[in-house]
Amino acid sequence: MRKIFLLAALATLFCYTIQAQNLQSALNYCVFNKPGTGPYVETYLMVRGETARFVKNANGKFQGNVEVTLTASRGDSVYYADKYNLLSPEIADTTGTIPNFIDKHILPLKNGNYSLELSIADLNRTAAAYKGSMPLAINYADSAIAISDIMTVESFSKTVAPNALTKSGYDLVPYVSTYYPQQFTEFVYYAEVYNTDKRFGVNEKFVVNTYIESANQKQPLENFHTTKVYTTQPATVLFSSFDIKELPSGNYNFVVEVRDKKNELVTIKRLFIQRSSDAVAPDLMTKMTTNQLDFKSYVRSLKTDTLREYVRSLRPIASVKERNFIDHQAKTIDSLSLQNYFIYFWEQHAADDQFKGWAQYLNQVHIVNSFFSTSIKPGYQTDRGRVFLQYGAPNSRNISLREPSAYPYEIWQYYRIGTQNNRRFVFYNPDLVTNDYQLLHSDALGETWDDQWEVKLHKRDTQPNNFDINNVNPSYGNRSQDLFTNPR
C-alpha cells in the first residue's frame, strides 16, 4: 500500500497533507492483479469528518458533501477519470462526535507508469479545491510470482450482499493509515499472491511467512510470526491478523514472504507501520525478568550512538545540572564517560530499580516519538513531547484544527502537578505545515506564561490594532478561552 496524501497524522515521515481551507482527508491505494484480466488499482479515500462542514439536508439531518475527482494520466493521455460527490453519514446534530467518511474506487489500468491525481473540495464551503498528484507504477508479469500491495483493514464482516467494500467474500473497511495507536489491538491485513501455479506447478505446495520486524535492523520479532502452507493457484488470498496488544511503540515492517517447498525465498513484500503503545520493549523486558544482565552490563552493551540518543532523551526529566551535561558534553564525550553518566542518572532517578525506571521511561519516549516527531526532530525534543515526558499524559487534551482565525492548537489539562492543581498548557502550530506545536502559554509554575496568548493564537487571519490587549473579541466558533477555563 502506498500513501498518496494523508491527513496531518503522527507518522510525519510518511505523510502528505491535504487541506482545502480546513478540509482534511487521506487517500491510500493498493495495486492488485486479476489473472486473465490484468491489474487494477483500488483507492481508499477517508475524509476527516470534523474538518468538513455539515449542513441540514432534505431529511432534516446534517451531512457533509465533498466533490472528488480522480484521474490517472501519462503525458497528455488520460487513462482513467471520475468525478463524483462523496456524502458523509447523516447525523442528528453537530455537537457530538462527527464521523469520518470513507470511499473505495477501482481503477482498471494496464502495466505502466502514471500520474495519479486527486482534486477534492468541500461543497458546503466556498473554498477552492485542493489538487495534488504523485507517481503510480504498475508492473505485473504474466508468469512471475508476485505479491500484491498490502491492504490494511480497520474492520471486516462476512458479505451478505456484494457491495463496493466486498473482497473475497468479506466486506473490508480499509484502514487509511499505517499508524496504530494504543486502542488498536489487532493488525488486520489483506494481500494476494499471483502465479504460483505457473512457477511451482499445479497442485504443488508453497510456503508463506508473515511477520513483523523492526524497521531499522530488519530483525523479526518473537511472537509476531506465522507460517502457512498453501496449494498453488493463479491467485492466493492472504487475509489474517496479528494480535498487537503487546507490540511496543516503535517503527516496524509487516513482511510477507513467499518460499518454495524447499523453503527457499522467492519473493518478499514489506509495509512500514508505526505503533504507539504502553507495552515495554520485549528485549528490555526479557533482560529485566530473567536477570540476563544487570543494569550496568546492559548499559555497557549499548552502541555509543544508541546510548548518546538515549542520553539526549533524558533531558525532559533531568535536573538543571544534568541538562547542562546533556546540552554541552554528551555530544562529544567518550563512550565510557557516557555510560557512567547514564548509569549515574538512573541511580539518582530510580534508586530501587534502574532497569524498571529506564524501561518505563523508554516506553514513554517511544510514545512521544510516535505522536509528536517532526521531519527534523524526535518527539522528545518538541514542546509537547517534553511536557508529556516531564509531567505524564494529560488528564484532558482538547484539539482544535479549524477554529475561525486561530492557528491549529491543543489545550492540555493536568488535574495535579506536584503541589499544583488544575494546570493547563496551550500549544499551537503557527507554521501550519509541520507537526511541531509550540508551547504558547501555561499557568504551571516554571513554564511559559504569556498574557497575550489568546491574541497570538488568533493572529492567523486577524492582526490586532492595539498591541496591549490580552484577549480577542468573542465570535462564533472561538472556543480557546472557554476550553482553557473549562477543559473538556
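Modeller: A salt bridge is a side-chain nitrogen of Lys or Arg within 4 Å of a carboxyl oxygen of Asp or Glu. The model here is predicted, and the structure holds 18 salt bridges.

Biologist: Why is the pair arginine 312 and glutamate 309 called a salt bridge?

Modeller: The closest N and O atoms of arginine 312 and glutamate 309 are 2.6 Å apart. The cut-off is 4 Å, so the pair counts as a salt bridge. Side chains of opposite charge can pair when their charged atoms come close.

Biologist: Where do arginine 312 and glutamate 309 stand relative to each other in helix H4?

Modeller: They are three residues apart in helix H4, which means about one helical turn separates them.

Biologist: What makes arginine 312 partly exposed rather than buried?

Modeller: Its relative accessible area is 28%. Buried means under 20% and exposed means over 50%, so a value in between is called partly exposed. Glutamate 309, with a relative accessible area of 29%, is partly exposed by that rule.

Biologist: Which residues of helix H4 are buried?

Modeller: In helix H4, residues 304-313, they are Leu307, Arg308, Tyr310, Val311 and Ser313. These buried residues pack against helix H3 (295-301), helix H5 (320-328), helix H6 (335-349), helix H7 (354-372) and helix H8 (383-391).

Biologist: How do you know that arginine 384 and glutamate 410 form a salt bridge?

Modeller: The N to O distance between their side chains is 2.8 Å. That value is set against a limit of 4 Å, so the pair qualifies. Arginine 384 lies in helix H8 and glutamate 410 in strand S24 (residues 409-417), so the pair ties together parts that are 26 residues apart in sequence.

Biologist: Are arginine 384 and glutamate 410 buried or exposed?

Modeller: Both arginine 384 and glutamate 410 are buried.

Biologist: What makes arginine 424 and aspartate 443 a salt bridge?

Modeller: Their side chains meet at 2.6 Å, N to O, and the definition asks for within 4 Å, so the name applies. Arginine 424 lies in strand S25 (residues 420-428), and aspartate 443 in the loop between strand S26 (438-442) and helix H9 (453-457), so the pair ties together parts that are 19 residues apart in sequence. Arginine 424 and aspartate 443 are buried.

Biologist: Which residues are linked in a network of salt bridges?

Modeller: Glu42, Lys104 and Lys167 are linked in such a network.

Biologist: Why is valine 258 called buried?

Modeller: Valine 258 has a relative accessible area of 0%. Valine 258 is found in strand S21 (residues 250-259). Among the residues it touches beyond four places away in sequence are Ile145, Val193, Phe206 and Leu265. The C-alpha atoms of valine 258 and phenylalanine 206 are separated by 7.4 Å, although the two are 52 residues apart along the chain.

Biologist: What makes the link between aspartate 436 and lysine 377 a polar contact?

Modeller: The contact between their side chains is 3.1 Å, and the distance limit is 3.5 Å, so the pair falls within the limit. Aspartate 436 sits in the loop between S25 and S26. Beyond its neighbours within four places in sequence, aspartate 436 is in contact with Thr374, Lys377, Thr382, Tyr428 and Asn429.

Biologist: How many helices and strands does the chain have?

Modeller: The chain has 10 helices and 26 strands. Buried residues make up 51% of its 488 residues.

Notes. Residues numbered from 1 in each chain as written. Predicted model: local features only at pLDDT ≥ 70, side-chain atom pairs only at ≥ 80, totals over all residues. Heavy atoms only, no water. Buried < 20%, exposed > 50% of the residue type's maximum accessible area, 1.4 Å probe, protein only. Helix = DSSP H or I, 4+ residues; strand = E, 2+ residues; numbered from the N terminus. Contact = heavy atoms within 4.5 Å. Polar contact = N/O pair within 3.5 Å; in protein donor to acceptor, adjacent residues only side chain to side chain.
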